[in-house]
Amino acid sequence: MTSARTPAAAPASAEHALHDTTRTWRAVLVAMSGTFMAIMDVFIVLIAAPAIQRNLHATDAEVQFVLAGYQLTYAVTLVTGGRLGDLYGRKRIFQTGLLVFTVASLACGLAPTAGVLIAARLVQGVGAALLFPQVFAMIQVLLPESRRGRAYGILGAVIGMSTIVGQVLGGLLVQSDLFGTSWRPVFWINVPIGAVALLLSARLLPESRAPQARRLDPAGTMVLTVALFLLVFPLIEGREVGWPTWTWLSLAGAVLALAALAWVERRVSQSGCSPLVEPKLFRQRAFLTGLVLILIYYSALNSFFLILSITLQDGLGLSAVAAGLVYTPQAIAFFLASLLAGRLIRRHGRRVLEAGAAIALLGFAATIAATLAAGAHLNAWIIMPCLIVQGIGEGLLQTPLLNAILSRIDEDHVGLASGALSTAQQVGGALGVAVIGVLIYDALGSARTGQVGVYAHGFGIATVFNAVVLAAVTALVFLLPTQRRADTA
């Protein structure tokens, strides 16, 4: 009798395990839908930026705030978002962030003025910062260690696809001009995606909390917000108003605020609480080098896509769809190089990062040379090969970069370090948009749409910023410690 029951029990147990595994992966994929929306929204708005400016009669500075404002609130709230999930439940905070992001997207699409759009984008950034950290936490909680590598690989693919979809879909939506709404559907597309994700998350996501959750750091968050505002606002607004005294005072105030942040975080740490950034991390060369590297590298990414979008649409007169298609080969090259990087890093370690940085630098240098040489004869076919080289280099560098930095961080501080590095990504992106906006708009002056030679010159000059940044990145990569645990990336 006993032997008769045993074979029947085994298939039932296997079936139950398979059901649990399937349900777990469904939950992880639902969580990744939030990541897809947050990343896609950056690239879809970059494509729509010229149409937004024309339709709302926005100033150059307002267009920059539409882009940079999202990343600033994202950056300031990111670490807090992760801790809220630990304290009050990752599912609850994920759904809250998803709801905020979705409603803010609807408000963005309904915005009657540039000011209202900027305000809605700030709220949208908060929503993204609430949902994004929960994805990483859920992967850690829901999956055993043996399956996390696959999950992070899928997450990388989702991020790669979100950039491609954002570029192509943004162009299609703007060009289609649905019901005469111009750029507005690039935000409204988030509403049905968000609604479906909310319904699925309610059914499929399990709740979890951290047993020893780190408390919030409101003082550090407040000082960081002030410091970033004092830094970014004059960089964006200064050119429009002729760089009056208050812009320079604001920049000086940003330096003081950053010094105050260091003091506040030290006091928070000494009191036994958990700061936004643990001061002890700055004594680790891997973290300090990596933080600067991440900050400046990401300042070159979104900023380049902004000036490229302006050049393609306003300068070369391409439609939004055509401009999105110009981006696509680069995005595909990035995606394929990202897949390759995971394999190469196991064999060659840091040399993959060094090669990626050098190739990306070569791509930017080629872009400058080709653009300035072509002048009034510039066209998309001249730019695309340079973009593909950039995509290959960035794919080899960007995908393994975070793991290469975190692999040398003390185990006790990996969570805090990853949060700080993610914040640096968003701060770098916002700063890059602010700085390159000064360069491109100064170079264009009062140029009219279709003046290819003027736009080619402005694009080439502004891209020098990206090349200089990649040169610095290349040097910093060589300063990273040789990898210890990155071999398993």
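Helices here are DSSP runs of H or I with at least four residues, numbered from the N terminus. With that in hand, helix H2 gives the most to the lining of the largest cavity, supplying three residues. Keep in mind that this is a predicted model, with an average pLDDT of 83 across the protein.

- Of the residues, 90% score a pLDDT of at least 70.
- Helix H3 (residues 90–110) has the highest confidence, at 94, while helix H1 (residues 2–56) has the lowest, at a mean of 73.
- Residues 1–10 stay under 50 in pLDDT, and the model gives them zero contacts beyond four places in sequence.
- Residues 484–489 also stay under 50, but here the model has 19 contacts beyond four places in sequence.

**The cavity**

- The count comes to one cavity of 30 Å³ or more, and the largest cavity has a volume of about 40 Å³.
- Its lining is made up of Val42, Leu46, Leu67, Tyr70, Gln71, Arg121 and Asn302.
- By type, the lining residues of the largest cavity split into four nonpolar, two polar and one charged.
- H1 and H2 each put at least two residues into that lining.
- Leu46 turns up again elsewhere: this cavity-lining residue is also a contact of Ser309.

**The second largest pocket**

- This pocket has a volume of about 710 Å³.
- A set of 24 residues lines the pocket, and those nearest its centre are Leu258, Leu261, Val277, Phe282 and Leu291.
- The elements giving two or more residues to this lining are helix H2 (60–88), helix H8 (218–241), helix H9 (245–270), helix H10 (285–299) and helix H15 (414–444).

**Helix H3**

- H3 runs for 21 residues and reaches 30 Å from first C-alpha to last, close to the 30 Å expected at 1.5 Å a residue.
- The buried residues in H3 are Arg90, Lys91, Ile93, Phe94, Gly97, Leu98, Phe101, Thr102, Ala104, Ser105, Cys108 and Gly109.
- As background for reading that list, an α-helix has 3.6 residues a turn, so residues three or four places apart point the same way.

- Ser309 sits in helix H11 (residues 301–315). Its relative accessible area is 0%, so Ser309 counts as buried.
- Setting aside neighbours within four places in sequence, Ser309 contacts Leu46, Ile47, Pro50, Asp314 and Tyr327.
- Gln390 belongs to helix H14 (residues 380–406). Gln390 is buried because its relative accessible area is 0%, and the cut-off for buried is under 20%.
- Not counting residues up to four places away in sequence, Gln390 touches Phe304, Gln330, Ala360, Gly363, Phe364 and Thr367.
- One of those contacts, Phe364, is 26 residues from Gln390 in sequence and 6.6 Å away in space, C-alpha to C-alpha.

**Loop residues to look at**

- Asp177 is in the loop between helix H5 (145–176) and helix H6 (185–188). Its phi is near 50°, a positive value in a residue other than glycine.
- Ser182 lies in the loop between H5 and H6 too, and its phi is near 55°, again positive in a residue other than glycine.
- On accessibility, Asp177 is partly exposed at a relative accessible area of 36%, whereas Ser182 counts as buried because its value is 16%, under the 20% cut-off.
- Gln451 is placed in the loop between H15 and helix H16 (452–477). At 27% relative accessibility, Gln451 counts as partly exposed, which means a value between the 20% and 50% cut-offs.
- Gln451 and Val226 are 225 residues apart along the chain, and their C-alpha atoms are separated by 40 Å.

Terms used
Residues numbered from 1 in each chain as written. Predicted model: local features only at pLDDT ≥ 70, side-chain atom pairs only at ≥ 80, totals over all residues. Heavy atoms only, no water. Buried < 20%, exposed > 50% of the residue type's maximum accessible area, 1.4 Å probe, protein only. Contact = heavy atoms within 4.5 Å. pLDDT = per-residue confidence, 0-100. 1 Å grid on protein atoms, 1.4 Å probe; cavity = no way out; pocket = protein on both sides within 12 Å on 5 of 7 lines; lining within 4 Å. Points joined across faces, edges and corners; volume = space filled by probe spheres on them. Expected span 1.5 Å × (residues − 1). Nonpolar A, V, L, I, M, F, W, Y, C, P; charged D, E, K, R; others polar.
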